[in-house]
Amino acid sequence: MPELPEVETVRRGLSARLTGRRIARVHLARADLRWPIPSGFAQALTGRRILSFARRGKTILMRLEAGQTALWHLGMSGRLRLSAAGEAPPPARHEHVVLETDDGARLGFVDPRRFGSLDLLATASEADHPRLAALGPEPLDEGFTPAVLEVALRGRRTAIKAALMDQRVIAGLGNIYACEALFRAGISPRRSAESVRGARAARLAAAIRATLEEAIAAGGSSLRDWRQTDGALGYFQHVCKVYGRAGEPCERCPGPRACRGIAAIVQHGRTSFYCPRTQR
DNA sequence: ACTGTTACCTGATTGC
DNA sequence: TGCAATCAGGTAACAG
């Protein structure tokens, strides 16, 4: 499930619980997820202290001593579950990786579909990692302005919806929040990306930011100690305004009679939800 | 270079 | 109830 708000919520949970801890043990139940786990992964982590957790797009960067960074990507079905010393987490299928820290905490990476990935960055620079280096601007950074969005979209002849999901254009949006941001901005997912300029780009930039911030706030406030009862970090029921609501009236139309209902169309193999009356 | 399609995996849900 | 078909929030390899 995880798009930027979920990943950011997971990051905060990890940070609150694991910053400063030393990794005592790494157990790999298999050698690959989406890609092979780097051969030196367990060795690079074992015995090292965790300095901090950062995030770039949907990737969590676990900063370690000696300039090492472990990259965690949850893919589509990945989740992390954390338990404290003495807690015995219920057995979970598809738990592929387990870390144990010096204070007895246990972090398990569960990912049924295995679209997630683990990677290792041995230098301090994200520019040295091809997938991170290719990512577009970070939408919650101060530098994410309408002008930056406009430049990112310039010359893109694809639909704005597809552009927003392209991580090279902007980092962190997936299908849900691309739909929600476009609804908020009143822009049709079918409009061409390059036609989103000027006031439209300004509306979209603001809508992206507000949508993500609201979702993060909802996730943060709904999780006590950043964990659900099963120890899973960072998942929450975000209330969507258009995603998954095909046929329902949208909240911006004056009434059910005015609204033709939220439409679902397939673009680039993904379902887009939008209100054809208020999104142009 | 850009754009769209397909494949990768398992599980939940829908339809017959 | 059972079983098959369909769909799922991500990404990159590939074809045109």
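Is Arg168 buried or exposed? Arg168 is exposed, because its relative accessible area is 55% and the cut-off for exposed is over 50%. The model behind this value is predicted.

Start with the whole chain. Chain A has seven helices and 10 strands. Along the principal axes, its C-alpha atoms fill a box of roughly 60 × 40 × 30 Å. A compact globule with 280 residues would have a radius of gyration near 19 Å, and the 20 Å of chain A agrees with this. Of the 280 residues, 50% are buried. Contacts tell of the sequence range: among those with a separation of 6 or more, 66% join residues 24 or more positions apart.

Now the surface and the charges. The accessible surface of chain A comes to about 12800 Å². Carbon and sulfur atoms hold 50% of that surface. Chain A carries 43 positive and 27 negative charges, and their mean positions are 7 Å apart.

Some of these charges pair up. The structure holds 21 salt bridges. Return to Arg168: its side chain meets that of Asp166 in a salt bridge, with 2.8 Å from N to O. Asp166 counts as buried, because its relative accessibility is 18% and buried means under 20%. Asp166 also forms a salt bridge with Arg156, where the closest N and O atoms are 3.8 Å apart. This second pair links distant parts of the chain, 10 residues apart. Arg156 sits in the loop between α4 (146-153) and α5 (160-165), while Asp166 lies in the loop between α5 and α6. Arg156 is partly exposed, with a relative accessible area of 28%.

A further pair spans more of the sequence. Glu126 forms a salt bridge with Arg63, and the closest N and O atoms are 3.8 Å apart. The two residues are 63 residues apart and link distant parts of the chain. Glu126 is in the loop between β8 (117-121) and α3 (130-133), and Arg63 is in strand β3 (residues 59-64). At 26% relative accessibility, Glu126 counts as partly exposed.

Finish with helix α6. Helix α6 covers residues 175-185 and is mostly covered, with nine of its 11 residues buried. Among the buried residues of α6 are Tyr177, Cys179, Leu182 and Phe183. Glu180 is buried there too, as is Asn175. Just after α6, Gly186 takes a positive phi of about 70°.

Conventions: Residues numbered from 1 in each chain as written. Chains lettered and ligands numbered in written order. Predicted model: local features only at pLDDT ≥ 70, side-chain atom pairs only at ≥ 80, totals over all residues. Heavy atoms only, no water. Helix = DSSP H or I, 4+ residues; strand = E, 2+ residues; numbered from the N terminus. Rg over C-alpha atoms; globule rule 2.2 N^0.38 Å. Buried < 20%, exposed > 50% of the residue type's maximum accessible area, 1.4 Å probe, protein only. Contact = heavy atoms within 4.5 Å. Areas by Shrake-Rupley, 256 points an atom, 1.4 Å probe, with all protein chains shown as cover. Lys, Arg positive; Asp, Glu negative; His and termini not counted. Charge placed at Lys NZ, Arg CZ, Asp CG, Glu CD. Salt bridge = Lys/Arg side-chain N within 4 Å of Asp/Glu carboxyl O.
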